[in-house]
Amino acid sequence: MNTSTDATRGTHWVVLQFAAMGLILFVSGFPPRTPNWVSLSGLVFVAAGAAWFALGLRALGWNLTVFPRPKPRGVLVQHGVYRYARHPIYGGGLLMFVGFGLLSSVPALAATTSLAYIWFRKSQEEERLLVERFPAYAAYRQRVRGRFFPRL
C-alpha cells in the first residue's frame with residue numbers, strides 16, 4: 001500500500017466515514033428505543049434521504065468517487081441537484097442515517113452526529129481540492145450556498 005497516494009486521495013476520510021456508519025449500526029440495538037410515533041417518522045427521513053442521495057448520484061454520474069480528491073478526468077458537476085446543494089449525496093446519506101436512528105434507537109441517532117461531523121470535515125477538504133482542480137468551483141460555491149441541502 002502506497003501511503004503517500006492514500007494520504008493524497010484522502011483514504012483516512014473514507015475509513016472514518018465507514019467506521020462511523022459501523023458505529024451507528026452497532027449501537028442501533030442498544031436501548032433506549034425511540035417511541036413508536038418517533039420511530040415511524042424515521043421512514044419519512046429514510047425516504048427523503050434516499051431520494052436526495054439518488055438524485056445526487058444521478059447528477060454526479062461517472063464522476064463519483066468515495067475519496068475527497070476529484071477523479072483525474074472528472075468534470076465539475078453543476079447541474080441537477082448540484083444547482084441547489086454542493087454535497088447532496090452526503091445530505092441524503094445523513095437523512096437516511098437520521099431516519100435509521102429514529103427507527104432503531106436513541107444511541108444510533110446520537111452516533112449519527114459523528115458521521116455528520118466527518119462528512120462536514122470531508123466536504124471541506126473536498127472543496128479545497130475542487131478549487132485547486134477547477135478554478136470555477138470558487139464561483140460555484142458562492143452561487144450555491146447550501147452544503148448538504150438547499151439554503152432557503
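**A helix residue and a salt-bridge network**

Mentor: Apart from residues up to four places away in sequence, Q17 is in contact with V66, L115, I118, W119 and K122. This is a predicted model, and the description should be read with that in mind. Q17 belongs to helix α2, which covers residues 11–27. Its relative accessibility is 5%, so Q17 counts as buried, the limit being under 20%.

The charged pairs come next. The model contains 5 salt bridges when a side-chain nitrogen of Lys or Arg must be within 4 Å of a carboxyl oxygen of Asp or Glu. One of them joins R86 to E127, with 2.6 Å between the closest N and O atoms. These partners come from distant parts of the chain, 41 residues apart: R86 sits in the loop between α3 (36–60) and α4 (88–104), while E127 is in helix α5, residues 106–133. As for accessibility, R86 has a relative accessible area of 8% and is therefore buried. E127 is likewise buried, because its relative accessibility is 3%.

E127 also forms a salt bridge with R141, at an N to O distance of 3.6 Å. Here, too, distant parts of the chain are linked, since E127 is in helix α5 and R141 is in helix α6 (residues 137–143), 14 residues apart. R141 has a relative accessibility of 27% and so counts as partly exposed, a class that lies between the 20% and 50% limits.

A further salt bridge brings the side chain of R147 to that of E127, with 3.9 Å from N to O. R147 is located in the segment after α6 and E127 in helix α5, so this pair ties together parts that are 20 residues apart in sequence. Both R147 and E127 are buried.

Taken together, R86, E127, R141 and R147 are linked in a network of salt bridges.

Key. Residues are numbered from 1 along each chain as its sequence is written. This is a predicted model: local features need pLDDT of at least 70, side-chain atom pairs count only at pLDDT 80 or more; totals for chains, interfaces and linings use all residues. Side-chain values use heavy atoms; hydrogens and water are left out. Helices (H or I, at least four residues) and strands (E, at least two) are DSSP runs, numbered from the N terminus. Buried means under 20% relative accessible area, exposed over 50%, partly exposed in between (1.4 Å probe, protein chains only). Contact means heavy atoms within 4.5 Å.
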